Amino acid sequence: MQYEKLVQNKVSCSINISNNNAESLRKSDDLKTVIRVYDGGKIGIAGAVGPCDDNFLLEQAKTKLSQGIPYPCNLVARIHRAEDCSGEIIADGGEIEVCRSLIKRLADSYPGFIFSNKINTQNYTASYTNSLDAQYSYKSNNITLSLTIKAKDSANIMDLGYFAEQTYYSEDKIVRDIGALLNVYNNISEIPEGAPVLIPAEVIEFLIPHMLAEKYVSGSSMLSGKLGFVIFNKNLNISVCRRRDNKQNIPFFDSEGTVLKGDEFPLVKDGVFSGLLTYKRSAANHSLPLSGSAVSDFDSVPSAGEEAIKLMPTCPSLKTLVRGKAIYIAVTSGGDMTPSGDVGLPVLAAFVYEDGKLLGRLPEFSLSANIFDLLGKDLIGVAKNDAFAYADETLIVANCKMNR
């Protein structure tokens, strides 16, 4: 009989902002422990929220073996690794004052707008151990700003949004970023004909579920049968990336203790659809490599997740990629994709971009593209948004059809 233990702890501070006021602060401590035992090709799972007795959980997990859930063991052995990516972002206890200072400065600088929503800080730790002497630990922290912005003379619930996730705090840079939007908000511009479109990288979230191994093998994925073929632009690279230079609060190991070579697994490499999202059961069932994508709740069987996906930049600067004017998509509303890959994206706010700056706001329109064209023949490249100093936003630069 073998066993493994995963412990995750998220200590969060959330500040609620409404109508230019930091109204409330909420703190939470989310500690979860799961122990899994393996014997005879079966798995038993027991978990707890909050402090717990490991021996009690281990005995509980052993009794769950009687449920007869088939699962491969495949534990790693005698590997020790620790990674600490944390640092002080805001001094403990100073969150509400920092938030009030930011919102007051924004409200004073831009009296025609109302700022609302949330600012969150999180300290995250995770550890993994097993009966074969594998020991992993990870620690990080971050701050997330998710602000909605409403023009006072607007009938809309919101007109703009600003999102940033970082490992440090800079009021000056945040005010500069939001100023890049608001200083030109009332400069109504015409849509530049033939200009490329700058689309937030999150649009690939329409595609990623089709890379799940079980969906692919069942034939229900629009990518089924295409593994190993060039189906995207040769400059496109998408990976499961658990390197510390990717998103914070993503440890180098997944919830099954899988550690990737180089902390990365390619899903698309130079345009080739090269890998599927797997966890130990789907990899074993379909003879596939592990992608380090296992996720699980404290009391559930693992499954494949999408938490560490990264779209790799094709060049170091957006200014070098885009010559002349482009259309920057700032706020979208929903959007969907058909089974054939046709994407429809209503655009609520967009701006003219040129040479690292936003020049004026555009009227509302919708964008349509096929995902294979968007990431294929119509793709110009991928780069960071250099119009912002603080928000670490990745943009897809492509030629798309706009419906006015």
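The second largest pocket has 31 lining residues, and those nearest its centre are Gln8, Lys10, Tyr124, Asn249 and Glu307. A pocket here is found on a 1 Å grid over the protein atoms alone, as an open set of points with protein on both sides within 12 Å along at least five of seven lines; lining residues have an atom within 4 Å of a point. Before going on: this is a predicted model, where local features need pLDDT of at least 70 and side-chain atom pairs count only at pLDDT 80 or more, while totals for chains, interfaces and linings use all residues. Residues are numbered from 1 along each chain as its sequence is written, and side-chain values use heavy atoms, with hydrogens and water left out.

The volume of this second pocket is about 550 Å³, a volume being the space filled by probe spheres set on grid points, which are joined across faces, edges and corners. Its lining divides into 9 nonpolar, 13 polar and 9 charged residues. In that scheme Ala, Val, Leu, Ile, Met, Phe, Trp, Tyr, Cys and Pro are nonpolar, Asp, Glu, Lys and Arg are charged, and the others, Gly among them, are polar. Strand S1 gives the largest share of the lining, 5 residues. Strands are DSSP runs of E, at least two residues, and helices are runs of H or I, at least four, numbered from the N terminus.

Now Asn249, from that lining. Where does Asn249 lie? In the loop between strand S10 (238-241) and strand S11 (264-269). Asn249 is buried, at 12% relative accessible area; buried means under 20%, exposed over 50%, and partly exposed in between, with a 1.4 Å probe and protein chains only. Its side chain makes a polar contact of 2.8 Å with the side chain of Gln122. That term means a pair of N or O atoms within 3.5 Å; within protein, one must be able to donate a hydrogen and the other to accept it, and residues adjacent in sequence count only if both atoms are side-chain atoms. Setting aside neighbours within four places in sequence, Asn249 also has contacts (heavy atoms within 4.5 Å) with residues including Tyr124, Tyr138 and Ser140.

The largest pocket has a volume of about 1400 Å³. Of its 44 lining residues, Phe163, Glu202, Asp392, Glu393 and Thr394 are closest to the centre. Strand S8 (160-166) is among the strands that each supply at least two lining residues, and S8 provides the largest share, 6 residues. By class the lining has 22 nonpolar, 11 polar and 11 charged residues.

How many cavities of 30 Å³ or more are there? The count is 1, where a cavity is a set of grid points where a 1.4 Å probe fits but cannot get out. The volume of the largest cavity is about 50 Å³, and its lining has 8 nonpolar, 2 polar and 1 charged residues.

On to packing. The largest nonpolar core has 52 residues, with Ile199 and Leu223 making the most contacts inside it. Such a core is a set of buried Ala, Val, Leu, Ile, Met, Phe, Trp, Tyr and Cys residues joined through side-chain atoms within 4.5 Å.

Last, the backbone. Most residues other than glycine have a negative phi. Ser287 has a positive phi, near 55°, and is exposed at 69% relative accessibility. Asp355 has a positive phi near 50° and is exposed too, at 56%.
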